[in-house]
Amino acid sequence: MLIQGDIYQNNNKFTINDNAKGETLNIYTGYTEKYQVFDTVGLGEPLSHIVPHKEAVNKIRDYFSKCKVTLNYIFYVQRKGRITDEDKKMFKLFKEIFEWAEKNIVIIITNRKYPIISVDFPFTDEDEDDIIACSHRKKRAQSLQRLEDKLLELRYKSIKPEVLSSTQMNEKTVSKVVRFVPVVGSVFQLISSGVYYALDKPNNAKERLVDGAVRLAADVISIVTVGASKSAPTRLSFLWVLGEEYLSRLHLEMNRK
C-alpha cells in the first residue's frame, strides 16, 4: 500500500493474497518518492512450503546482513485475531533478527510494548459487486492515510540494523560455549570483536570486546590457582579448532565485503 496506494487484481508490486499461507518467496524492494519498502519472506512456514521456516530465517539474515540501506521503520505484520504461542515465538525471533534495531519496530496490528497501527486492507475478488468493491477501496484508502499519518507522528530516526548472517549466527552459537573455556574463551571473544568491527557491526563488536576483556581479567587472576584436568587439553583443543573454523568464515565474509 505504501508503494502503490491500493491493491489491484493484477500487477501489484509485491505478491498479495488473503490467506494465512505465505506467498512471498524472496526479498523484494519497491520505491516511491516517499518510501523504499522491503517485502520479506514469511516466517513459520512448514517444511512442505516452497520456503520453509529455517530457510526463510536464513534468507532474511543473509540479505539484511549485507544491506547498506538504513531503515526508519521495521514492520512486524500480525493478522488480526487471537495471539497464539506460535505468534509470540515468531515475534521473539523477529526481534532477535533485528536485534540492534528493536526501537524502530512497529507492529501492525498487535502488542502493547510497541506502536500499534490498526489497518484494514481488504482484497477485492473479481466477482465482487461494485458496492462491495467500492467499500473495500474506501477502507484501503482510509487505512493508508491512517498508516501514513501515524508514521509521520512517530518520526523515527533512520537506523542501520545489525543483522547477523546465517554464518555469523552459527559463530555466535559456538561463542556461547567457547566463551566459558579459560583463556581460549577470552581470546576467541577478543578476536571476534575485531572481526565484527571490520564487518561494520559495532554493537556486536563492543559486546564481544567487553565480554572478552572481563574474561581475560578473570583468567589472569585465576590462572595461578586453577589446575587443569587430564581431559582439559583435549576439550580446549576441540573447542579452539571449532572456534577457529567460524572465525575463518567471518574473515571470508569480511574479505567479500
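How many residues sit between β1 and β2 in their hairpin? Keep in mind while reading that this is a predicted model.

1. **The hairpin.** There are 4 residues between β1 and β2. The strands themselves, β1 at residues 28-31 and β2 at residues 36-39, pair in the antiparallel sense over 4 bridges.

2. Lys34 forms a salt bridge with Glu148, with the closest N and O atoms 3.2 Å apart. Lys34 belongs to the loop between β1 and β2 while Glu148 is in helix α3 (residues 130-154), so the pair ties together parts that are 114 residues apart in sequence.

3. **Helix α1.** This one covers residues 53-66, and its 20 Å from first C-alpha to last is close to the 20 Å expected at 1.5 Å a residue. Its buried residues are Ala56, Val57, Ile60, Arg61, Phe64 and Ser65. They span an arc of only 155° around the axis, which means they are on the same side of α1. Their cover includes β2, α2 (85-97) and α4 (166-178).

4. **The largest nonpolar core.** It has 23 residues, and those touching the most other members are Phe64, Ile74, Phe94, Ile97 and Phe98. α1, β3 (74-77), α2 and β4 (105-108) each put in at least two residues, with the largest share, 5 residues, coming from α2. Leaving aside residues up to four places away in sequence, Ile74 touches Phe94, Phe98, Ala101, Asn104, Ile105 and Val106. Apart from this core lies another, of 8 residues, including Tyr35, Val106, Leu147 and Tyr156.

5. Glu99 and Lys172 form a salt bridge, the closest N and O atoms being 3.3 Å apart. Since Glu99 is in the loop between α2 and β4 and Lys172 is in helix α4, the pair ties together parts 73 residues apart in sequence. Glu99 counts as partly exposed at 28% relative accessibility, whereas Lys172 counts as buried at 16%.

6. **A local pair in α6.** The side chains of Asp211 and Arg215 meet in a salt bridge at 3.1 Å, N to O. Both lie in helix α6 (residues 202-222), 4 residues apart, or about one turn of the helix. Asp211 counts as buried, at 16% relative accessibility. Through shared partners, salt bridges join Arg179, Asp211 and Arg215 into one network. The whole structure has 6 salt bridges.

Key: Residues are numbered from 1 along each chain as its sequence is written. This is a predicted model: local features need pLDDT of at least 70, side-chain atom pairs count only at pLDDT 80 or more; totals for chains, interfaces and linings use all residues. Side-chain values use heavy atoms; hydrogens and water are left out. Two strands pair if DSSP finds at least two bridges between them. The expected span of a helix is 1.5 Å times one less than its number of residues. Buried means under 20% relative accessible area, exposed over 50%, partly exposed in between (1.4 Å probe, protein chains only). The arc is that of the directions from the helix axis to the C-beta atoms. Contact means heavy atoms within 4.5 Å. A nonpolar core is a set of buried Ala, Val, Leu, Ile, Met, Phe, Trp, Tyr and Cys residues joined through side-chain atoms within 4.5 Å. A salt bridge is a side-chain nitrogen of Lys or Arg within 4 Å of a carboxyl oxygen of Asp or Glu.
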